Amino acid sequence: MSYQVLARKWRPQRFDDVIGQQAVTRTLRNAITSGRIAQAFVFAGQRGSGKTTTARILARALSCVKGPTPDPCGVCDACVEIAQGRDIDVLEIDAASHTGIDNIREVIIDGLSIAPVRDRYKVFIIDEVHQLSGSSFNALLKSIEEPPAHVVFMMATTELHKIPDTILSRSQVFEFRTIPAALIAAQLRTIAAAEGVTVSDSALGLMARAAEGSMRDAQSAFDQVIAFAGTTITSEDVATVLGLVGRDLLFGLLDAVVAEDAPAAFAFADRAVEAGSDLRIVCRELARVVRDLMIVSVDPSRASEVEMGEGEHERLGQLAARFSREDLMRAFDLLSKLDFELRQASYPRYQFEMALLKWMHLRKLVPLAELLEQAGPSASVAPRMPVLPRPAQTLQAPRAPLPTARVQPFALKATTNPNPPDPESRTPNPGTPSAGLKDALLAEIRAKKGLFYNTVVAQAQKIEVASDRVTFAFLPTHRALREQLEVTRPWLEAAAARIAGRPVAVVAVQLDGPSAPPVAVEPDEPRAEPNAPAEMPKDRRNLKAEAMSSTTVQAMLDVFPAEIRDVEEL
């Protein structure tokens, strides 16, 4: 007898042998047991999921000498002939070669009234039924809706949406699921044991993932690899024959990206090109690994659901700990765009290598919130400055209507100043005996709490240092800044005591009356506006003080060094 390929040799012969379609097989078994057999069935699903195989098993279950039974014997004439495709009462039709209405009339419609020769039912199995023409479907409507009692239609398709609703409404529709890679690998392991082939788990996993849910594709690929490698198969053999990408190459690329090792990344890219791998496939496999890393990062309990070979879960967990979720989302977006760009790239290799370098650069990006957290704790604990009441407006004569404008609280005019003025300039007596303590304390605050220095200390109107006391004086409107300094007072006293070598108290006070603004932040000369009053508003200093006390403004100044020169109300 001539050689029979694995896909045909290991074709399921019973409902229990169909892998990954328990919902379909259980429904059909129960329908046969209860005698609720429909006149037409539609089996829909991707290639290699078991549609035609299930139709043949159903035909055997209906025609078996012991039937109708959910467990056909497999030895009677009907079971054997149906399995071999030569039963006279079970007619398999390829819709691709019988698309016209004349073919349907001649093969199906004209023979409906003829009783089966031997079997209990006359079964019509129409494969790829979606390729029938519209007139052919219309000719089948009446036959499918009210066929003779001895006729059963079974239709298989990979494109359910192309079948008219009038056909679907007259049939029972079963949708076959994509077979999980784990079940495909287990079936390949069973076949390998029966065929006397030694194959590694990584090789099985590689073939199962390459099949993309199709058992027939996996068995055909297994047959091809056996012909190449013989009875001992490794993952390298599978990658060589099928042109796939090994997991070691993917993990090596990820390690190079994490380590920001561009030479290593280029070396792995060279390896992929020299092995003849399609760079688009490499890109898609990298995207799949990034997706697996995201699953492990979001929910570690689902790590076992990720389709990985033996020993790969541990390595995946180690890599997941080195990527943030933001890194993974940016990486997936980058790889998705790269897959699209590689289709039209004149030099795919160059595009792929530049994408690896860009991926390394993207990992250096730090979220703004993280920068603020690293700057110091004062950005998150500073209380919000209360809104100051506006002075009463005097009644004036009605004016002409002005154009509608969007109102904003403040307009801040900032000029870049990489060296903002220090608070030392606020005290007129730098030569006092305590000036050394003040300078050292301010330097310590600036080094250890940069954001606190710019937000609170730099806004003090006076910083007076005595032998055992440091006093920070704030404007009456800076009550929030004084409270913030009180929160940090224990740290300030510890720092001052460490510098002076003796206990030093830190006190925050508020001035009784308005004081001149700090010298370092003098406002610009007022600009002449058309139809504007000659004198400056009295609350100009208050607007600036309120803006400077805002933690948001101070946080932006800490990240982007600048000097607030003026504040205007719009």
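At what angle do the axes of α14 and α17 cross? The legends below start with that pair, and everything shown comes from a predicted model.

**View 1. Helices α14 and α17 side by side.** The two axes come within 10 Å, with a crossing angle of roughly 25 degrees. Angles under 35 degrees count as roughly parallel, and α14 and α17 are therefore roughly parallel to each other. On the α14 side, the contact is made by Leu279, Val282, Leu286 and Val290. Their partners on α17 are Pro348, Arg349, Phe352 and Trp359. Sorted by class, the residues of this contact of α14 with α17 are 7 nonpolar, no polar and 1 charged.

**View 2. Helix α17 again, now with α13.** Here the partners are helix α13, residues 262–274, and helix α17, residues 348–362. Their axes come within 10 Å and cross at roughly 150 degrees. Since angles over 145 degrees count as roughly antiparallel, α13 and α17 are therefore roughly antiparallel to each other. The crossing of α13 past α17 is right-handed. From α13, look for Ala262, Ala265, Phe266, Ala269, Asp270 and Val273 in the contact. From α17 come Arg349, Phe352, Glu353, Met354, Leu356, Leu357 and Met360. In this contact of α13 with α17 you will find 10 nonpolar, no polar and 3 charged residues.

**View 3. The largest nonpolar core.** This core has 37 residues, of which Leu254, Leu286, Leu293, Leu335, Phe352 and Trp359 touch the most other members. At least two of its residues come from each of α12 (247–259), α13, α14 (279–298), α15 (312–320), α16 (325–342) and α17. Which helix gives the most to this core? The answer is α14, with 9 residues. For a closer look, pick Leu254: beyond its neighbours within four places in sequence, Leu254 is in contact with Leu286, Val289, Leu293, Leu319, Phe323 and Trp359. Another core, of 24 residues, lies apart from this one, and its members include Ala203, Ala218, Val225 and Ala239. As background, nonpolar side chains in soluble globular proteins tend to be buried together.

View 4. How many of the 11 residues of α9 are buried? Helix α9 spans residues 201–211 and is mostly covered, with 8 of its 11 residues buried. The buried ones are Ala203, Leu204, Gly205, Leu206, Met207, Ala208, Arg209 and Ala211. Ala203 is also among the members of the core of 24 residues.

**View 5. Thr99 in its loop.** Thr99 sits in the loop between β2 (90–94) and α5 (101–107). Its relative accessible area is 30%, so Thr99 is partly exposed. Setting aside neighbours within four places in sequence, the contacts of Thr99 are Gln131, Leu132, Ser133 and Ser136. If you like to check a distance, Thr99 and Phe137 are 9.4 Å apart from C-alpha to C-alpha, though 38 residues apart in sequence.

**View 6. Ser143 in helix α6.** Is Ser143 buried or exposed? This residue belongs to helix α6, residues 134–145. With a relative accessible area of 10%, Ser143 is buried. Not counting residues up to four places away in sequence, Ser143 touches Ile109, Leu112 and Phe153.

Key: Residues are numbered from 1 along each chain as its sequence is written. This is a predicted model: local features need pLDDT of at least 70, side-chain atom pairs count only at pLDDT 80 or more; totals for chains, interfaces and linings use all residues. Side-chain values use heavy atoms; hydrogens and water are left out. Axes are lines fitted to C-alpha atoms, for helices over the stretch in contact, and angles run from 0 to 180 degrees between N-to-C directions. Helices (H or I, at least four residues) and strands (E, at least two) are DSSP runs, numbered from the N terminus. Angles under 35 degrees count as roughly parallel, over 145 as roughly antiparallel, 65 to 115 as roughly perpendicular and the rest as oblique. A crossing is left-handed if the near helix is turned anticlockwise from the far one by less than a right angle, and right-handed if clockwise. Contact means heavy atoms within 4.5 Å. Ala, Val, Leu, Ile, Met, Phe, Trp, Tyr, Cys and Pro count as nonpolar, Asp, Glu, Lys and Arg as charged, and the others, Gly among them, as polar. Buried means under 20% relative accessible area, exposed over 50%, partly exposed in between (1.4 Å probe, protein chains only). A nonpolar core is a set of buried Ala, Val, Leu, Ile, Met, Phe, Trp, Tyr and Cys residues joined through side-chain atoms within 4.5 Å.
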